[in-house]
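Morning, everyone. Please look at the structure on the screen, and I'll walk you through it.

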Amino acid sequence: MKGIFPIDKFERIQTPFYYYDTELLRATLRAINAEVLKHDGFVVHYAVKANANPKVLRIIREAGLGADCVSGGEIEAALKAGFPTNKIVYAGVGKSDWEIELGLDNDIFAFNVESIPELEVINELASQKGKTARIALRINPNVGAHTHANITTGLAENKFGIAMRDMETVIERAAEMQHVKFVGLHFHIGSQILDMGDFEALCNRINELQTQLESHRIRVENINVGGGLGIDYQHPNRVSIPDFKAYFDTYAKKLKLRTGQTLHFELGRAVVAQCGSLIARTLYIKEGAVKKFCIIDAGMTDLIRPALYQAYHKIENISSDLPMETYDVVGPICESSDVFAKQVDLNTTRRGDLIAIRSAGAYGEIMASQYNCRKLPQGYVIDEL
Ligand SMILES: *Cc1c(COP(=O)(O)O)cnc(C)c1O
């Protein structure tokens, strides 16, 4: 055992694979629940898109969180993991008819609606089933977030949500429809946000919108502020649990909730990122013309974040105690972007050594592909090793 990993057990498993530290996951969920209990009306959903591994989902469901889904497949995964239907919310800019019908058949808590055409289709499909769909409107708050451009979602230029100037028209349209019920407003400004000032800006915007709606006697039951809390990719051991206190306190202090209103959160990355690692085996050490390459058997097909978002993940050789050397850690895929890190220090690495790519529990396994006809990586939790 080096550090936190049961290496002797890893030796028996085909690499590459994901390893989930379920103790850390449970501790993270306890930390969330401890903070949420301090605030009246706070409700947390887990954003299933971060990681839908059934073993991970089950633990999150057991902790009492709801499920935030962005596709019919995710609704199915949430149902399979036992999430109660009245704790499932469904967002997405392009919902297919079968996905809407799945939500209707299961009487989910709310559809987060992103346009008038979508509202009309939900009304129509609900009418065919003799049902009333609970809908929240996803509003684009035009609030920026200090994060990677590919993961901001709350700017006017992004495809997500309904423009603020259309908000009241859409609420009025919904009120005229027989088979939808307006139950709330929904927002989501982006991901990997560490500056509480960004969430504060969202609170200020929501406060303005609420005042505006109240002047037209429109009451909102639920406010959903989405997710986006970031994690510390540099220090997975030292900061293994995000600062949930600072996060929830920001909303408690800055968002003016009306009496009886509930405040919903949809956290993905902050729940699962730190508990997961991608474990790979070193295939070759190649001495290039100007540097050394550590070629491992995991590639961008297993973890695409570095190639897609230039994301940083801490990398460790968990088999070696030898002195440090500098490597480019790369995968076997036929793409120049198949690089996990350039010029990183690892304990001197040899063929066969196990490499851990840390903080990979969110947007890792779930984004894996079969490009190059590769097998999808499996995910393991400690109890089954
Ligand atoms: C992706 C997403 C989330 C979760 O984002 P994280 O950054 O993982 O917390 C929450 N809500 C919606 C609507 C999303 O699309």
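Start with Cys-294. Its sulfur lies 18 Å from the closest cysteine sulfur, in Cys-334, which is too far for a bond. A disulfide here is a pair of cysteine sulfur atoms within 2.5 Å. By this rule the count is zero disulfides.

Now, a word on the source. This is a predicted model: local features need pLDDT of at least 70, side-chain atom pairs count only at pLDDT 80 or more, and totals for chains, interfaces and linings use all residues. Residues are numbered from 1 along each chain as its sequence is written, and side-chain values use heavy atoms, with hydrogens and water left out.

Is Cys-294 buried or exposed? It is buried, with a relative accessible area of 0%. Cys-203 is buried too, at a relative accessible area of 0%. Buried means under 20% relative accessible area, with a 1.4 Å probe and protein chains only. Across the chain, 55% of the 385 residues count as buried.

Next, the fold. The chain has 11 helices and 17 strands. Those are DSSP runs: helices are H or I with at least four residues, strands are E with at least two, numbered from the N terminus. The radius of gyration is 22 Å, close to the 21 Å that the globule rule gives for 385 residues, so the chain is as compact as a globular protein of that length. That radius is taken over C-alpha atoms, and the rule is 2.2 Å times the number of residues to the power 0.38. The C-alpha trace spans about 70 × 40 × 40 Å along its principal axes.

Terms used. Buried < 20%, exposed > 50% of the residue type's maximum accessible area, 1.4 Å probe, protein only.
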